[in-house]
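Hi,

Here is the structure I promised to pass on.

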Amino acid sequence: MSTSFDAVTLELIWRRLISLVDEAAAALVRTSFSTLVRESYDFSCIITDDLGRSVVQATESIPSFIGTLPATVKHFIARFPAETLAPGDVLITNDIWLGTGHLPDITVARPIFRGGRLIAFSASTAHAPDIGGKIRSPEPREVFEEGLQIPPMKLIRTGSPDETLLAILRQNVRTPEQTLGDLWAQLVALELMENRLVALMDGADLADLRDLAEEIQGRSERAMRAAIAALPDGVYRSALQTDGIGGAPITIRMALTVAGEAIDIDYAGTDAAVEQAINCALCYTYAMSVYGVKLCTSPGLPNNEGSFRPITVRAPERSIVHPLFPSSGGSRMLIGHYLPMLVFGCLGQVVPERVMAACGSPMWGMNQSGRRRGADGRDRAYANMFFFNGGMGATAQGDGRSCLSWPSNVASTSVEISEQIAPLRIHAKRLRPDSGGAGRHRGGLGQEIVIESRSESPIAVSFLAERTRIPAFGIEGGGAGACGSVAINGAAVDPKRQYVLQQGDIVVLATPGGGGHGPPGERDAAALRADLDAGYVADPAPYHVV
């Protein structure tokens, strides 16, 4: 017999569900070891039903994991049916094609039982500080070069950890304490979600989660279908180019079809996969595509299975948005972060007020590794990843935000933390004047970061950097943002290669600005004066001011 929910009861239960996943996310942050989780919030926590269909996701979760994490739970279920699972089990993988598209993201899931029956899964993905192999960069040709691959397996079996797997993981990473510390923090979050969910179900007298899940997912699906139905039917097309490899740009094409209450996205005509680690696995392509649709149709809708049922995503095999094993993909965001903008290019043709100009942050970052002397006098390997964001695109409603990550929402690591955990000195971190595209509404500014190596031994560095050749475009007559650049000791370098820094070497990162919205000559005079006074704009000529 199914359980029905009145509006008040459903809202109370829903708020408790949000609270329990948010509490788990807070516990993960507080018990984690690396800055990727503790400072940058590069993780996700969710609850699914017993079929792996997402019910609720933590507020601080990374947008791409909205689409990838529930799919990974379904892959777990396909490999480990309910009859093979037991209380206390934990499943794990970092498989590129079953997970998030690159090896550093480790996904774990815990089956939740009640009355001897499987009722749900708690699950988490978190970006590990190191997974072995060549340090993360666009250079690897195959996934084998990128680090340790963990197939779907049981990390914990009825409460007993697989010590062999843990030993292999510890042996193969540069940061064993941080990598394993973050993994155990994820397990803390899983157990907390289980305990809180069972307590909620006891209090609400729910025998299982299925009816509640279907009620939440059904309401979300109906809302999404209604939002899509409000769009004019048709096939909308957009295309854009990325910086690509070695000066040769990569073209991504999208055909978005609105048909009644459903949307289909097809990437036919997109360039082929490459022998460098910017390939974007279909799981990540799907996640970033549906995220773009959600932003244009119903941004306030809860993130769960129902919200995405009306959306399908297709891509040709062996294209750069659907590479096959053993393609590399460690820097897949250098392609994947463009995909929501393609959705904007399509839907902006019918709802221009809901989209923004191009952003200067497909994510920028610097990976670095080396050896460092510890408090005990011993040299140890280390690895760090620091994010530095560009400017967001302007919208019909206002200026783009400066130095914010989009479409991801990772936070930048503070200067103080960066200098504490790495032998670096950050001499400057400042906004770039005139980097935001001119327009009625100005694009967000990029930033300039000046970093000196203070290491007594060489440091290997690589970068995540896009829009160094092709700027973030403006829309509705707005100007393009400034391109970004990477320089070492005053010389521009190819950001898709790895370099070795010696003590005293200087790296200068200049992140791109976002595109402008609307004709620059229509910018409010008071807003332009404020920009000039603040130093955001140094040259007013693009605004037709002499």
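Helices (H or I, at least four residues) and strands (E, at least two) are DSSP runs here, numbered from the N terminus. This is a predicted model, with local features needing pLDDT of at least 70 and side-chain atom pairs counting only at pLDDT 80 or more, while totals for chains, interfaces and linings use all residues. Residues are numbered from 1 along each chain as its sequence is written, and side-chain values use heavy atoms, with hydrogens and water left out.

Pockets first. A pocket is an open set of points on a 1 Å grid over the protein atoms alone, where a 1.4 Å probe fits, with protein on both sides within 12 Å along at least five of seven lines; lining residues have an atom within 4 Å of a point. The largest pocket holds about 420 Å³ of space, the volume being what is filled by probe spheres set on the points, which are joined across faces, edges and corners. Glu177, Gln178, Arg380, Ala381 and Tyr382 are the closest to its centre among 16 lining residues. Strand E13 contributes the most to that lining, with 4 residues. By class the lining splits into 5 nonpolar, 5 polar and 6 charged (Ala, Val, Leu, Ile, Met, Phe, Trp, Tyr, Cys and Pro are nonpolar; Asp, Glu, Lys and Arg charged; the others, Gly among them, polar).

The second largest pocket has about 350 Å³. Its lining has 11 nonpolar and 8 polar residues, but no charged ones. Nearest its centre are Ala58, Thr59, Ser61, Ile66 and Asn303.

Now the packing. A nonpolar core is a set of buried Ala, Val, Leu, Ile, Met, Phe, Trp, Tyr and Cys residues joined through side-chain atoms within 4.5 Å, and buried means under 20% relative accessible area (1.4 Å probe, protein chains only). The largest core has 59 residues, and Leu17, Ile47, Leu155, Leu183, Leu197 and Leu212 touch the most other members. Helix H1 (residues 7-31) supplies the largest share of this core, 12 residues. Apart from it lies another core of 58 residues, including Leu36 and Phe387.

One more spot to check: Ser137, in the loop between strands E5 (117-127) and E6 (153-157). Is Ser137 buried or exposed? Ser137 is buried, at a relative accessible area of 1%. Leaving aside neighbours within four places in sequence, Ser137 is in contact with Ala277, Ser331 and Ser462 (contact: heavy atoms within 4.5 Å).

Cheers

Definitions and conventions:
Buried means under 20% relative accessible area, exposed over 50%, partly exposed in between (1.4 Å probe, protein chains only).
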